Amino acid sequence: MLGKISRNDPCWCHSGRKYKVCHQAFDEKLALLASRGHIVPTRDIIKNAEQVAGIRESCKINIAVLDYIQEHIHEGMNTAEIDRIVYEKTTEWGGIPAPLHYQGYPYSVCTSVNDQVCHGFPSKDVILKEGDIVNVDVSTILNGYFSDSSRMFCIGDVGPEKRRLVEVTKECVEHGLAEVKPWGFLGDMGQAVHDHAYANGYTVVREIGGHGVGLEFHEEPWVGYNSRRGQEMVLAPGMIFTIEPMVNMGGVEIYVDDSNDWEVYTEDGKPSAQWEIMVLVTEEGHEVLCW
Ligand code: MF3
Ligand code: CO
């Protein structure tokens with residue numbers, strides 16, 4: 001784990017600082033936790049200050065695109081228009097939409113309406129109507145740095161049941177976020193998300209989770225919500241990951257549309273909601289980079 005690095009050598013994180021004043025104590029802490037059987041992060045997912053700065057710039061575009069969508073989304077609009085706006089604004093501001101051509105994904109954004117759980121294809125045939133809830137999931141590459149976040153939008157007057165789903169799902173993310181701190185565990189976050197959803201009578205999708213992000217679109221760790229307190233990966237300063245639970249009003253079961261192998265729906269046809277944030281683990285706690 002500690003390798004052959006000496007105290008006065010440059011740190012492995014490429015900060016340019018000496019190992020002894022940079023990540024030596026960090027490595028010793030992780031080695032101890034690993035010896036006790038915990039899952040610990042590998043070095044490749046620990047970001048240095050320069051990388052965090054680059055990721056922050058990418059997040060600024062991601063946030064601005066979502067803000068722009070928030071101002072312009074409306075009843076009667078089709079979701080292909082959202083795709084066009086995301087492409088135009090992202091590129092106008094110097095970024096690249098990360099979803100476009102990612103593993104063959106054909107659009108710049110995911111727009112998931114009502115019983116669509118995630119990865120909804122934007123389409124001119126999907127016209128937003130009063131009472132719809134829609135997730136717009138935006139991801140940006142800027143100078144090689146990745147950002148990824150999503151928000152829910154309520155179209156016109158949305159009934160109380162769906163509104164509550166949207167609000168509770170956001171609270172799930174906030175409850176999870178409150179558990180993010182150095183030397184805690186990913187499972188602390190996961191259980192908090194899970195418990196809040198189930199306490200409200202909802203279920204949380206098991207098969208699809210969040211992920212490390214920043215230097216790649218999807219990095220380790222995988223971020224699920226069926227985990228338990230004190231379990232899963234140890235959280236260490238410099239880790240960046242998403243919290244993005246998909247919360248179902250009805251049953252937990254989902255299926256993938258086999259005509260395109262992307263779009264995910266609830267099995268029972270009841271609505272599903274999702275919010276996605278990007279969080280950085282800091283020395284003191286955490287910082288939300290993107291929402
Ligand atoms: N933004 C999605 C996520 O949260 C990525 C979906 S993959 C894509 O991880 F190709 F559809 F973009
Ligand atoms: Co994501």
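Colleague: Where is Asn114 found?

Modeller: In this predicted model, Asn114 is in the loop between β2 (110–113) and β3 (116–118).

Colleague: Is Asn114 buried or exposed?

Modeller: Asn114 is buried, with a relative accessible area of 13%. The cut-off for buried is under 20%.

Colleague: And what does Asn114 touch, not counting residues up to four places away in sequence?

Modeller: Asn114 touches Lys129, Gly131, Asp132, Ile133, Lys162, Pro271 and Ser272.

Colleague: On to the metal. Which residues are the protein donors of the cobalt ion (ligand 2)?

Modeller: Asp148 gives an OD atom, His211 its NE2, and Glu244 and Glu276 an OE each. These donors lie 2.0 to 2.3 Å from the cobalt ion.

Colleague: How are the donor residues spaced in sequence?

Modeller: The spacing is D-x62-H-x32-E-x31-E. Asp148 lies in strand β5 (residues 145–154) and His211 in strand β7 (residues 210–212), so this pair ties together parts that are 63 residues apart in sequence.

Colleague: Asp148 and His211, buried or exposed?

Modeller: Asp148 is buried, at a relative accessible area of 2%. His211 is buried too, at 6%.

Colleague: What about Thr242, where does that lie?

Modeller: Thr242 lies in strand β9 and counts as buried, at 0% relative accessibility. A polar contact of 2.9 Å joins its side chain to that of Glu244, which is one of the cobalt donors.

Colleague: Which residues is Thr242 in contact with, leaving aside neighbours within four places in sequence?

Modeller: Among them are Asp148, His211 and Glu276, which are cobalt donors. Thr242 is also in contact with Gly210, Val213, Val223, Ile277 and Met278.

Colleague: Change of topic: helix α2. How many residues does it have, and how far does it reach?

Modeller: Helix α2 (residues 49–72) has 24 residues. From its first C-alpha to its last it reaches 35 Å, close to the 34 Å expected at 1.5 Å a residue.

Colleague: What caps the N-terminal end of α2?

Modeller: Asn48 does, with a side-chain oxygen 3.1 Å from the backbone nitrogen of Glu50.

Colleague: Which residues of α2 are buried, and what do they pack against?

Modeller: The buried ones include Val52, Ile55, Ile61, Val65, Leu66 and Ile69, and also Gln51, Ser58 and Asn62. The buried residues of α2 pack against α3 (79–92), β4 (133–142), β5, β9 (240–243), β14 (277–281) and β15 (286–290).

Colleague: How many aromatic pairs does a search of the whole structure find?

Modeller: Ten. One of them is Phe26 with Trp183: the ring centres are 5.8 Å apart and the planes are at 65°, so the pair is edge-to-face. Phe26 lies in helix α1 and Trp183 in the loop between α4 (160–177) and α5 (186–199), so the pair ties together parts that are 157 residues apart in sequence.

Colleague: Which residues do ring pairs link into a cluster?

Modeller: Tyr105, Tyr107, Phe121 and Trp262.

Colleague: Now the backbone. Which peptide bond is cis?

Modeller: The bond from Glu220 to Pro221 is cis, with omega near 0°. Pro221 lies in strand β8 (residues 219–223). Most peptide bonds are trans.

Colleague: And which residue has a positive phi of about 60° although it is not a glycine?

Modeller: That is His119, in the loop between β3 and β4. His119 counts as partly exposed, at 25% relative accessibility. Asn143 also has a positive phi, near 50°. Asn143 lies in the loop between β4 and β5 and is exposed, with a relative accessible area of 70%.

Colleague: Last one. Where is Ile5?

Modeller: Ile5 is in the segment before α1 (24–35) and is partly exposed, with a relative accessible area of 24%. Leaving aside neighbours within four places in sequence, Ile5 is in contact with Pro10, Cys11, Trp12 and Tyr19. Ile5 and Gln24 are 19 residues apart in sequence and 9.2 Å apart in space, C-alpha to C-alpha.

Notes:
Residues are numbered from 1 along each chain as its sequence is written. Chains are lettered from A and ligands numbered from 1 in the order in which they are written. This is a predicted model: local features need pLDDT of at least 70, side-chain atom pairs count only at pLDDT 80 or more; totals for chains, interfaces and linings use all residues. Side-chain values use heavy atoms; hydrogens and water are left out. Donors are N, O and S atoms within 2.8 Å of the metal (3.2 Å for Na, K and Ca); water is not among the atoms, so sites may look incomplete. Helices (H or I, at least four residues) and strands (E, at least two) are DSSP runs, numbered from the N terminus. Buried means under 20% relative accessible area, exposed over 50%, partly exposed in between (1.4 Å probe, protein chains only). Contact means heavy atoms within 4.5 Å. The expected span of a helix is 1.5 Å times one less than its number of residues. A polar contact is a pair of N or O atoms within 3.5 Å; within protein, one must be able to donate a hydrogen and the other to accept it, and residues adjacent in sequence count only if both atoms are side-chain atoms. Rings of Phe, Tyr and Trp (its six-membered ring) pair if their centres lie within 6.5 Å; planes under 30 degrees apart count as stacked, over 60 as edge-to-face and the rest as tilted.
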